[in-house]
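Subject: Handover of a structure

Hello,

I am passing this structure on to you. Please look through the sequence and the model, then read the notes below.

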Amino acid sequence: MNDVTLKVEGLKKAYNMGKPNEVQVLHDVSLQVAKGEVVALVAPSGAGKSTLLHIAGLLDSPDGGTVAIGGEDMTKLGDRKRTAVRRNDVGFIYQFHHLLPEFSALENIVLPQLANGIAQADAQAHAIDLLTRVGVETRADHRPAALSGGEQQRVAFCRALANRPKLLLADEPTGNLDPGTSDRVFEALMELVRSSGLSALIATHNLELAGRMDRIVRLDAGLIA
Ligand code: ADP
Ligand code: MG
(Lines give C-alpha, C1' and ligand atoms only; values in the text may rest on other atoms or scores of the structure.)
(Ligands and ions follow the chains in the order given, each with its own letter.)
Protein backbone atom coordinates (compact mmCIF):
# COMPACT_ATOMS: atom_id res chain seq x y z
CA MET A 1 0.00 0.00 0.00
CA ASN A 2 0.99 3.54 -0.71
CA ASP A 3 0.72 6.39 1.80
CA VAL A 4 -0.62 8.66 -0.92
CA THR A 5 -4.11 7.55 -1.96
CA LEU A 6 -4.60 10.14 -4.68
CA LYS A 7 -1.95 12.08 -6.55
CA VAL A 8 -2.80 14.25 -9.53
CA GLU A 9 -0.04 16.09 -11.35
CA GLY A 10 -0.10 18.76 -14.02
CA LEU A 11 -3.72 18.20 -15.00
CA LYS A 12 -5.00 20.13 -17.99
CA LYS A 13 -8.55 20.13 -19.28
CA ALA A 14 -10.36 22.23 -21.87
CA TYR A 15 -13.87 21.92 -23.25
CA ASN A 16 -14.71 22.57 -26.92
CA MET A 17 -11.04 22.52 -27.79
CA GLY A 18 -10.14 24.41 -30.97
CA LYS A 19 -13.59 25.99 -31.23
CA PRO A 20 -14.47 29.65 -30.63
CA ASN A 21 -16.18 28.70 -27.37
CA GLU A 22 -13.14 26.83 -26.04
CA VAL A 23 -12.88 27.05 -22.28
CA GLN A 24 -9.66 26.08 -20.53
CA VAL A 25 -10.85 24.86 -17.12
CA LEU A 26 -7.76 23.23 -15.59
CA HIS A 27 -4.40 24.74 -16.50
CA ASP A 28 -1.93 22.91 -14.28
CA VAL A 29 -3.51 21.23 -11.29
CA SER A 30 -1.47 19.15 -8.87
CA LEU A 31 -2.62 17.86 -5.49
CA GLN A 32 -2.35 14.87 -3.17
CA VAL A 33 -4.59 13.19 -0.65
CA ALA A 34 -2.73 11.08 1.92
CA LYS A 35 -4.10 7.85 3.37
CA GLY A 36 -6.83 8.70 5.89
CA GLU A 37 -6.73 12.40 4.99
CA VAL A 38 -9.85 14.47 4.28
CA VAL A 39 -9.14 17.39 1.95
CA ALA A 40 -11.55 20.21 1.10
CA LEU A 41 -11.55 21.38 -2.52
CA VAL A 42 -12.73 24.97 -2.33
CA ALA A 43 -13.56 27.20 -5.29
CA PRO A 44 -16.45 29.30 -6.53
CA SER A 45 -19.04 27.91 -8.90
CA GLY A 46 -17.68 27.33 -12.40
CA ALA A 47 -14.04 27.10 -11.28
CA GLY A 48 -13.66 23.44 -12.26
CA LYS A 49 -14.33 21.44 -9.08
CA SER A 50 -16.60 18.93 -10.80
CA THR A 51 -14.21 18.65 -13.74
CA LEU A 52 -11.32 17.86 -11.40
CA LEU A 53 -13.32 15.31 -9.38
CA HIS A 54 -14.52 13.53 -12.53
CA ILE A 55 -10.96 13.23 -13.80
CA ALA A 56 -9.67 12.07 -10.39
CA GLY A 57 -12.49 9.49 -10.29
CA LEU A 58 -11.63 8.21 -13.79
CA LEU A 59 -15.02 9.31 -15.17
CA ASP A 60 -13.32 11.67 -17.61
CA SER A 61 -9.83 11.95 -19.14
CA PRO A 62 -7.53 14.95 -18.88
CA ASP A 63 -5.87 16.59 -21.90
CA GLY A 64 -2.57 16.33 -20.04
CA GLY A 65 -1.14 15.29 -16.69
CA THR A 66 -1.48 12.16 -14.57
CA VAL A 67 -3.80 10.62 -11.99
CA ALA A 68 -2.38 8.03 -9.59
CA ILE A 69 -4.56 6.05 -7.18
CA GLY A 70 -2.81 3.99 -4.52
CA GLY A 71 0.52 4.76 -6.20
CA GLU A 72 -0.51 3.38 -9.58
CA ASP A 73 -0.60 5.66 -12.63
CA MET A 74 -4.15 5.35 -13.97
CA THR A 75 -3.31 7.11 -17.23
CA LYS A 76 -1.19 4.07 -18.18
CA LEU A 77 -3.91 1.48 -17.51
CA GLY A 78 -6.19 -0.03 -20.14
CA ASP A 79 -9.94 0.57 -20.09
CA ARG A 80 -10.82 -2.67 -18.29
CA LYS A 81 -8.40 -2.04 -15.44
CA ARG A 82 -9.49 1.59 -15.11
CA THR A 83 -13.12 0.48 -14.87
CA ALA A 84 -12.19 -2.05 -12.19
CA VAL A 85 -10.38 0.61 -10.13
CA ARG A 86 -13.32 3.00 -10.53
CA ARG A 87 -15.75 0.34 -9.29
CA ASN A 88 -13.68 -1.12 -6.47
CA ASP A 89 -11.46 1.65 -5.15
CA VAL A 90 -13.38 4.88 -5.70
CA GLY A 91 -16.66 6.00 -4.12
CA PHE A 92 -18.50 8.97 -5.62
CA ILE A 93 -21.07 11.26 -4.00
CA TYR A 94 -22.95 13.94 -5.91
CA GLN A 95 -25.08 16.89 -4.86
CA PHE A 96 -28.14 14.87 -5.88
CA HIS A 97 -28.50 11.39 -4.38
CA HIS A 98 -29.01 9.42 -7.66
CA LEU A 99 -30.50 6.47 -5.74
CA LEU A 100 -32.53 3.95 -7.75
CA PRO A 101 -36.17 4.97 -7.19
CA GLU A 102 -37.64 1.44 -7.49
CA PHE A 103 -35.49 0.00 -4.70
CA SER A 104 -35.40 0.48 -0.95
CA ALA A 105 -32.60 2.30 0.84
CA LEU A 106 -31.17 -1.06 1.89
CA GLU A 107 -31.36 -2.50 -1.63
CA ASN A 108 -29.62 0.56 -3.03
CA ILE A 109 -26.62 -0.33 -0.85
CA VAL A 110 -26.85 -4.11 -1.31
CA LEU A 111 -27.06 -4.13 -5.14
CA PRO A 112 -23.60 -2.69 -5.90
CA GLN A 113 -22.11 -5.29 -3.54
CA LEU A 114 -23.91 -8.17 -5.26
CA ALA A 115 -22.62 -6.85 -8.60
CA ASN A 116 -19.16 -7.10 -7.06
CA GLY A 117 -19.61 -10.75 -6.09
CA ILE A 118 -20.40 -10.29 -2.37
CA ALA A 119 -22.82 -12.85 -0.88
CA GLN A 120 -26.35 -11.58 -0.13
CA ALA A 121 -26.11 -12.08 3.67
CA ASP A 122 -22.76 -10.28 3.90
CA ALA A 123 -23.94 -7.46 1.65
CA GLN A 124 -27.06 -6.99 3.76
CA ALA A 125 -25.14 -6.96 7.05
CA HIS A 126 -22.70 -4.40 5.70
CA ALA A 127 -25.55 -2.22 4.38
CA ILE A 128 -27.29 -2.25 7.76
CA ASP A 129 -24.04 -1.38 9.51
CA LEU A 130 -23.52 1.59 7.18
CA LEU A 131 -27.12 2.81 7.58
CA THR A 132 -26.78 2.55 11.36
CA ARG A 133 -23.59 4.61 11.32
CA VAL A 134 -25.38 7.50 9.60
CA GLY A 135 -28.51 7.12 11.73
CA VAL A 136 -31.06 6.01 9.12
CA GLU A 137 -31.31 2.26 9.85
CA THR A 138 -35.00 2.66 10.73
CA ARG A 139 -35.63 3.84 7.14
CA ALA A 140 -33.91 0.83 5.51
CA ASP A 141 -37.10 -0.49 3.87
CA HIS A 142 -38.25 2.85 2.46
CA ARG A 143 -37.85 3.87 -1.14
CA PRO A 144 -35.94 7.12 -1.78
CA ALA A 145 -39.15 9.08 -2.50
CA ALA A 146 -40.34 8.36 1.05
CA LEU A 147 -37.17 9.82 2.59
CA SER A 148 -36.29 13.44 3.40
CA GLY A 149 -33.52 15.15 1.43
CA GLY A 150 -31.08 14.67 4.30
CA GLU A 151 -31.98 10.98 4.63
CA GLN A 152 -31.62 10.43 0.88
CA GLN A 153 -28.16 11.93 1.01
CA ARG A 154 -27.17 9.78 4.03
CA VAL A 155 -28.21 6.68 2.09
CA ALA A 156 -26.20 7.90 -0.92
CA PHE A 157 -23.13 8.14 1.37
CA CYS A 158 -23.66 4.51 2.40
CA ARG A 159 -23.99 3.42 -1.21
CA ALA A 160 -20.72 5.18 -2.08
CA LEU A 161 -19.01 3.17 0.69
CA ALA A 162 -20.78 -0.12 -0.13
CA ASN A 163 -17.80 -1.68 -1.88
CA ARG A 164 -15.25 -0.41 0.65
CA PRO A 165 -13.41 2.06 -1.59
CA LYS A 166 -10.09 3.55 -0.52
CA LEU A 167 -10.85 6.96 -2.02
CA LEU A 168 -14.04 8.98 -1.64
CA LEU A 169 -14.77 11.85 -4.03
CA ALA A 170 -17.68 14.08 -3.06
CA ASP A 171 -19.03 16.92 -5.21
CA GLU A 172 -20.81 19.43 -2.95
CA PRO A 173 -22.41 16.55 -1.02
CA THR A 174 -24.70 18.77 1.07
CA GLY A 175 -25.16 21.52 -1.52
CA ASN A 176 -28.85 20.76 -2.05
CA LEU A 177 -29.83 20.84 1.63
CA ASP A 178 -30.95 23.72 3.82
CA PRO A 179 -28.18 25.02 6.13
CA GLY A 180 -29.32 23.28 9.34
CA THR A 181 -29.78 19.91 7.63
CA SER A 182 -26.57 20.38 5.67
CA ASP A 183 -24.64 20.80 8.91
CA ARG A 184 -25.90 17.55 10.47
CA VAL A 185 -25.64 15.53 7.27
CA PHE A 186 -22.09 16.76 6.74
CA GLU A 187 -21.22 15.69 10.30
CA ALA A 188 -22.60 12.20 9.55
CA LEU A 189 -20.45 12.04 6.41
CA MET A 190 -17.33 13.04 8.34
CA GLU A 191 -17.98 10.38 11.00
CA LEU A 192 -18.51 7.75 8.33
CA VAL A 193 -15.29 8.73 6.56
CA ARG A 194 -13.25 8.87 9.78
CA SER A 195 -14.48 5.54 11.11
CA SER A 196 -13.69 3.90 7.74
CA GLY A 197 -10.15 5.32 7.58
CA LEU A 198 -10.98 6.56 4.08
CA SER A 199 -9.13 9.21 2.12
CA ALA A 200 -11.49 11.87 0.78
CA LEU A 201 -11.52 14.87 -1.52
CA ILE A 202 -14.69 16.89 -0.89
CA ALA A 203 -15.66 19.86 -3.07
CA THR A 204 -17.54 22.67 -1.39
CA HIS A 205 -17.88 26.41 -1.53
CA ASN A 206 -18.93 26.45 2.13
CA LEU A 207 -15.89 27.65 4.10
CA GLU A 208 -17.39 26.61 7.43
CA LEU A 209 -17.64 22.98 6.25
CA ALA A 210 -14.20 23.20 4.63
CA GLY A 211 -12.78 24.28 7.99
CA ARG A 212 -13.84 20.96 9.54
CA MET A 213 -11.62 18.97 7.16
CA ASP A 214 -7.89 18.30 7.58
CA ARG A 215 -6.69 20.65 4.87
CA ILE A 216 -8.08 23.11 2.34
CA VAL A 217 -6.96 23.20 -1.27
CA ARG A 218 -8.12 26.18 -3.34
CA LEU A 219 -8.69 26.03 -7.06
CA ASP A 220 -8.33 29.39 -8.76
CA ALA A 221 -8.01 30.24 -12.46
CA GLY A 222 -7.31 26.59 -13.28
CA LEU A 223 -4.45 26.35 -10.78
CA ILE A 224 -4.12 25.25 -7.17
CA ALA A 225 -3.66 28.50 -5.24
P1 ADP B 1 -17.61 23.76 -10.70
O2 ADP B 1 -17.90 22.34 -10.37
O3 ADP B 1 -16.48 24.34 -9.90
O4 ADP B 1 -18.83 24.63 -10.60
P5 ADP B 1 -17.26 22.76 -13.42
O6 ADP B 1 -16.12 21.82 -13.37
O7 ADP B 1 -18.62 22.18 -13.45
O8 ADP B 1 -17.11 23.84 -12.23
O9 ADP B 1 -17.14 23.69 -14.70
C10 ADP B 1 -15.97 24.46 -14.98
C11 ADP B 1 -16.16 25.21 -16.31
O12 ADP B 1 -16.22 24.31 -17.38
C13 ADP B 1 -17.41 26.05 -16.38
O14 ADP B 1 -17.11 27.24 -17.07
C15 ADP B 1 -18.34 25.18 -17.16
O16 ADP B 1 -19.28 25.96 -17.86
C17 ADP B 1 -17.42 24.45 -18.11
N18 ADP B 1 -17.90 23.10 -18.49
C19 ADP B 1 -18.11 22.07 -17.63
N20 ADP B 1 -18.50 20.97 -18.28
C21 ADP B 1 -18.54 21.30 -19.60
C22 ADP B 1 -18.86 20.59 -20.81
N23 ADP B 1 -19.22 19.31 -20.78
N24 ADP B 1 -18.80 21.28 -21.97
C25 ADP B 1 -18.42 22.58 -22.00
N26 ADP B 1 -18.09 23.31 -20.92
C27 ADP B 1 -18.15 22.68 -19.73
MG1 MG C 1 -19.63 21.49 -9.76
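A nonpolar core, as the term is used here, is a set of buried Ala, Val, Leu, Ile, Met, Phe, Trp, Tyr and Cys residues joined through side-chain atoms within 4.5 Å. Please keep in mind that the model is predicted.

The cores

The largest nonpolar core has 40 residues, and Ile 109, Leu 131, Val 155 and Leu 168 have the most contacts inside it. Two or more residues of this core come from each of strand 3 (38-42), helix 3, helix 4 (120-133), helix 5, strand 7 (167-171), helix 6, strand 8 and helix 7 (207-210). Helix 6 gives the largest share, seven residues.

With neighbours within four places in sequence left aside, Ile 109 is in contact with Ala 127, Leu 130, Leu 131, Val 155, Cys 158, Arg 159 and Ala 162. Leu 106 lies in helix 3. Its relative accessibility is 10%, so Leu 106 counts as buried. Not counting residues up to four places away in sequence, Leu 106 touches Gln 124, Ala 127, Ile 128, Leu 131 and Ala 140.

The pockets

The largest pocket has a volume of about 520 Å³. Its lining consists of 19 residues, and Arg 86, Arg 87, Val 90, Phe 92 and Pro 112 lie nearest the centre of the pocket. Helix 2 (79-89), strand 6 (90-93), helix 3 (105-115) and helix 5 (149-161) supply at least two lining residues each. By class, the lining of the largest pocket has ten nonpolar, six polar and three charged residues.

The second largest pocket has a volume of about 170 Å³. It is lined by 15 residues, and those nearest its centre are Thr 174, Gly 175, Thr 204, Asn 206 and Leu 209. Helix 6 (179-196) and strand 8 (199-204) are the elements that give two or more residues to this lining. The lining of the second largest pocket divides into seven nonpolar, six polar and two charged residues.

The aromatic pair

There is one aromatic pair in the structure. Phe 92 and Tyr 94 form it, and the pair is stacked, with 4.9 Å from centre to centre and 20 degrees between the planes. Are the two partners buried or partly exposed? Buried means under 20% relative accessible area. Phe 92 has a relative accessibility of 15%, so it counts as buried. Tyr 94 is at 29%, so it counts as partly exposed.

The buried residues in helix 1 are Lys 49, Thr 51, Leu 52, Leu 53, Ile 55 and Ala 56.

Most residues other than glycine have a negative phi. Leu 58 is not a glycine, yet it has a positive phi of about 65 degrees. The residue lies in the loop between helix 1 (49-56) and strand 4 (64-69). With 3% relative accessibility, Leu 58 counts as buried. Between the C-alpha atoms of Leu 58 and Leu 106 there are 27 Å, and the two residues are 48 residues apart along the chain.

Glu 172 also has a positive phi, of about 50 degrees, although it is not a glycine. Where is Glu 172 placed? It is in the loop between strand 7 and helix 6. At 15% relative accessibility, Glu 172 counts as buried.

Around Gln 95

Gln 95 is in the loop between strand 6 and helix 3. This residue is partly exposed, with a relative accessible area of 32%. Apart from neighbours within four places in sequence, Gln 95 is in contact with Gln 153, Asp 171, Glu 172, Pro 173, Gly 175 and Asn 176. Gln 95 and Thr 174 are 79 residues apart in sequence, and their C-alpha atoms are 6.2 Å apart in space. Thr 174 is also one of the residues nearest the centre of the second largest pocket.

Regards

Conventions. Residues are numbered from 1 along each chain as its sequence is written. Chains are lettered from A and ligands numbered from 1 in the order in which they are written. This is a predicted model: local features need pLDDT of at least 70, side-chain atom pairs count only at pLDDT 80 or more; totals for chains, interfaces and linings use all residues. Side-chain values use heavy atoms; hydrogens and water are left out. On a 1 Å grid over the protein atoms alone, a cavity is a set of points where a 1.4 Å probe fits but cannot get out, and a pocket is an open set with protein on both sides within 12 Å along at least five of seven lines; lining residues have an atom within 4 Å of a point. Grid points are joined across faces, edges and corners, and a volume is the space filled by probe spheres set on the points. Helices (H or I, at least four residues) and strands (E, at least two) are DSSP runs, numbered from the N terminus. Ala, Val, Leu, Ile, Met, Phe, Trp, Tyr, Cys and Pro count as nonpolar, Asp, Glu, Lys and Arg as charged, and the others, Gly among them, as polar. Buried means under 20% relative accessible area, exposed over 50%, partly exposed in between (1.4 Å probe, protein chains only). Contact means heavy atoms within 4.5 Å. Rings of Phe, Tyr and Trp (its six-membered ring) pair if their centres lie within 6.5 Å; planes under 30 degrees apart count as stacked, over 60 as edge-to-face and the rest as tilted.
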